[in-house]
Amino acid sequence: MTVDAMTVDETTRTVTPSRAAAELELKREEFRLAVRMGLIRTTPLPDRGGGRERAPERRPVERAELDRLKAAPDFPDGLRERVRAVGAGEAAGLLSITPDRFARLARTGHLSPVRFYLNRYRSVIWLYVAAEVTAFGEEHPALLGGRLPAEVREREAAGEDLRARNWRSRHLALLLRGTDDPWVRAAAVASLLDPIQVAEVVDDPYERGHLDRLRPPPPPGFPVSGAAYEVAERLVRADDPDEILWHRVSLALALDEARAVCQAPHPGERPRPAAPAATEPEVVPVPVSDAGVVRPSDVAPAGGPVRRPAVRARARRGAPSPGRAAARAPGAPRPGLLDRLRRSLPGRTGGGGGWGERRDWG
């Protein structure tokens with residue numbers, strides 16, 4: 001932090017991330033993690049042409065937010081402790097269990113990583129919030145000693161590993177919480193799917209291009225190239241069939257909401273406002289996902305409550321785009337949403353254990 005940066009007028013409404021970290025007595029990585037966890041609220045920058053939004057930890061922080069955090073009775077030690085991230089070995093020490101037992105609990109979804117990095121051998125190192133690890137031990141003492149429950153052993157024997165999936169859920173929650181722009185929220189969901197999956201849901205090339213321009217930046221510390229990049233890229237994409245289907249459905253619904261606000265721009269155009277919806281949105285509590293995956297409508301945008309349309313009227317979408325109109329003959333029935341989304345999914349069968357089967361990831 002330079003002297004010039006520290007001589008900014010104290011009455012400035014917002015400050016830079018580096019200035020905010022210095023005032024909160026946080027290291028750079030601690031500040032980034034605090035933002036990712038939602039402990040520090042940053043301010044989205046105004047739209048300057050529909051480009052990609054700045055990462056949350058690179059946005060300015062309002063002076064009022066700094067005052068709120070510094071007014072806490074345990075500042076600054078309490079804030080630093082809440083963002084202290086530990087590896088599996090140190091986390092096992094906090095619970096007084098072996099690293100092997102901690103790994104088994106983490107793989108079966110009992111603890112959720114907050115971030116990851118790749119070491120020089122390109123091995124994935126998961127980090128956990130120390131305060132969350134300690135709280136887990138206090139709430140589930142039976143899992144820390146003796147034989148693990150049969151359900152946990154069966155899931156482990158089946159090769160289940162939910163660490164990446166749980167991290168993706170936290171990552172998506174941050175992205176959805178950080179904006180109220182419906183197209184940006186749809187792009188956040190699309191970022192968890194590979195391009196083929198996105199193309200199957202979004203058949204309009206202009207909409208796909210708009211989503212790509214709004215694609216959120218990668219998380220901090222993401223490799224920029226080489227084999228390490230390929231490993232990290234696989235971690236940020238949904239890989240389980242039912243998780244893929246969940247995000248495809250979420251993307252389709254997010255697109256409905258985005259189209260109701262404005263249409264995706266064609267080359268050289270600004271987004272076109274859509275006709276107002278016939279029904280007013282209502283404020284509802286955040287529902288809990290059975291599949292353990294965050295839906296776009298489940299997370300409130302920054303500074304506002306969760307808003308969900310009271311009625312999802314098909315007429316909201318307006319006239320279909322040229323790409324969608326050409327794909328279906330006049331008068332032909334439109335396939336159902338789930339039927340369209342289930343097509344081409346890997347491993348899809350018509351027997352038992354289909355995509356609609358509920359799974360408990362707890």
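Good morning, colleagues. Please bear in mind that the structure before you is a predicted model.

I begin with the chain as a whole. The protein chain holds 17 helices and nine strands. Of its 362 residues, 42% are buried. The accessible surface amounts to about 19000 Å², and carbon and sulfur atoms account for 54% of that area. As for contacts between residues at least 6 apart in sequence, 71% of them link residues at least 24 apart.

I turn next to the sheet. Three strands form an open sheet in the order β3-β5-β4, and their pairing is antiparallel. Its edges are β3, residues 85-86, and β4, residues 115-118, each of which pairs on one side only. Strand β5 covers residues 124-129 and is joined to β3 by two bridges in the antiparallel sense. Within that pairing, V86 has Y128 of β5 as its bridge partner.

Finally, I come to the helices. Two packed helices are described by the angle and the distance between their axes. Helix α6 spans residues 88-95 and helix α8 spans residues 130-139; their axes approach within 9 Å and cross at roughly 40 degrees. This crossing is right-handed.

Which residues make the contact? From α6 there are A91, L94 and L95, while α8 supplies A130, V133, T134, F136 and G137. Where α6 meets α8, six of the contact residues are nonpolar and two are polar, with no charged residue.

Thank you for your attention.

Definitions and conventions. Residues numbered from 1 in each chain as written. Predicted model: local features only at pLDDT ≥ 70, side-chain atom pairs only at ≥ 80, totals over all residues. Heavy atoms only, no water. Axes fitted to C-alpha atoms, helices over the stretch in contact; angles between N-to-C directions. Helix = DSSP H or I, 4+ residues; strand = E, 2+ residues; numbered from the N terminus. Left-handed = near helix turned anticlockwise from the far one by under 90°. Contact = heavy atoms within 4.5 Å. Nonpolar A, V, L, I, M, F, W, Y, C, P; charged D, E, K, R; others polar. Pairing = 2+ DSSP bridges. Buried < 20%, exposed > 50% of the residue type's maximum accessible area, 1.4 Å probe, protein only. Areas by Shrake-Rupley, 256 points an atom, 1.4 Å probe, with all protein chains shown as cover.
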